[in-house]
Amino acid sequence: MINLSNLLMPGATIGIVGGGQLGRMMAMSAKTMGFRVGVLDPTNDCPAAQVADWHIVADYEDTLALGELAKRSDVLTYEFENVSVEALNHLSADASIPQGTDLLAITQDRLLEKAFLEEQNIVIAPYATIISPTDIQDAIDSLGYPCVLKQTRGGYDGKGQLVLKSRSDVSEAMTLLRQGTCELEAWIPFEKELSILVAGNGREFTTFPVVENVHRKNILYQTIAPARIPDEVVAEAKRIALVLAQALDLRGVLAVEMFLTASGSLYVNELAPRPHNSGHYTIEACTMSQFDAHIRGICGWPLAPVRQTTPAVMVNILGIELQKSYLMIPEKPHWQFHYYGKDKAKIYRKMGHITIPTQDLEQTLEEIKQTKIWE
């Protein structure tokens, strides 16, 4: 029997560090479960603040503001990785942080992340640490072309990394190297990019379906759920996710991104210690959404096995596609439109997403293509 004292009950307050779309959808799930929600974000009228009970307008490094968030909240969570581990550690006396900060520290540093994955005997791409420009040629000689140079800290949607295809690309790499330690990874000739979500509550873990991701300009364009892969690959992806969740004593949601090669091998590429863009389809297509699972996990609520109720395709709406997407609202009654309430539609900024439940994935992929919105 579950000890009720270990559960956060409705009426308590969840504080979210970060006010973007992930925080918005976290807050919406929390409100449905009866929680109050506070948000800390430097942007007035940010997406999460629009649905929260209150909003502290402050920078993520503002220790006084973070302290206020902690004092007004019963538990804290975060919607993105670039939160100060040191600041969160100082807050633990004022509010519970169920996810802890170890996972955050691991996922903030690519070298720590790779070391953790290796400790769990998870297959990753061969890599080398690049501290100074003199290290890079030795690493290239070992790994070969093509290879990928990545900053060890920061970077998202392809930022902070560079594909090196030949010696002529090395001079461009110096810009990244001047910004700090990097890692050089061997290029994995993958057939598909996959991801899987796993959720935990400190007692039990549950996995979501393995999905297939398509990127354009290093930004997630489309998620196909479930992935069109053999059952044995699905089983291995789930095994990897559960190994990592157990090693981390996971509370909340963890996303695991992977490469699948032609031979059927899986290489883990990256971890995200929170709900993930590739899991948005779960709102309409699963018995429990990734956001519900995250809130349940950090609040100690039980986690039932997740079942996908319908195949689905999720497609992101970037700023460049926003106006055209509006034209589809009257044309596509079976499409589920989600808009994030952001004030400025920058070209490659994520402004929303669309989930399309379907019984024919191929037909739906062609339907999306025929709109000519995502060209």
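Is Glu 183 buried or exposed? At 0% relative accessibility, Glu 183 counts as buried, where buried means under 20% relative accessible area, exposed over 50% and partly exposed in between, with a 1.4 Å probe and protein chains only. Before going further, note that this is a predicted model, in which local features need pLDDT of at least 70 and side-chain atom pairs count only at pLDDT 80 or more, while totals for chains, interfaces and linings use all residues. Residues are numbered from 1 along each chain as its sequence is written, and side-chain values use heavy atoms, leaving out hydrogens and water.

Let's stay with Glu 183 for a moment. Its side chain meets that of Lys 114 in a salt bridge (4.0 Å, N to O), a term for a side-chain nitrogen of Lys or Arg within 4 Å of a carboxyl oxygen of Asp or Glu. Glu 183 sits in strand E8 (residues 182-186) and Lys 114 in helix H5 (residues 110-119), so the pair links parts of the chain 69 residues apart. Helices (H or I, at least four residues) and strands (E, at least two) are DSSP runs, numbered from the N terminus. Lys 114 is buried too, at 5% relative accessibility.

The whole structure holds 16 salt bridges. In another of them, Arg 36 pairs with Asp 53, with the closest N and O atoms 3.6 Å apart. Arg 36 lies in strand E2 (residues 36-41) and Asp 53 in the loop between E2 and strand E3 (54-57), so this bridge ties together parts that are 17 residues apart in sequence. Both ends are partly exposed: Arg 36 has a relative accessible area of 43%, and Asp 53 one of 30%.

Now turn to helix H6 (residues 133-143), whose buried residues are Ile 136, Ala 139 and Ile 140. They cover an arc of only 100° around the axis, which puts them on the same side of H6; the arc is that of the directions from the helix axis to the C-beta atoms. The face turned away from this buried side carries the exposed residues Thr 134, Asp 138, Asp 141 and Ser 142.

Finally, the cysteines: the structure holds zero disulfides, a disulfide being a pair of cysteine sulfur atoms within 2.5 Å. The sulfur of Cys 46 is 20 Å from the closest cysteine sulfur, in Cys 299, which is too far for a bond.
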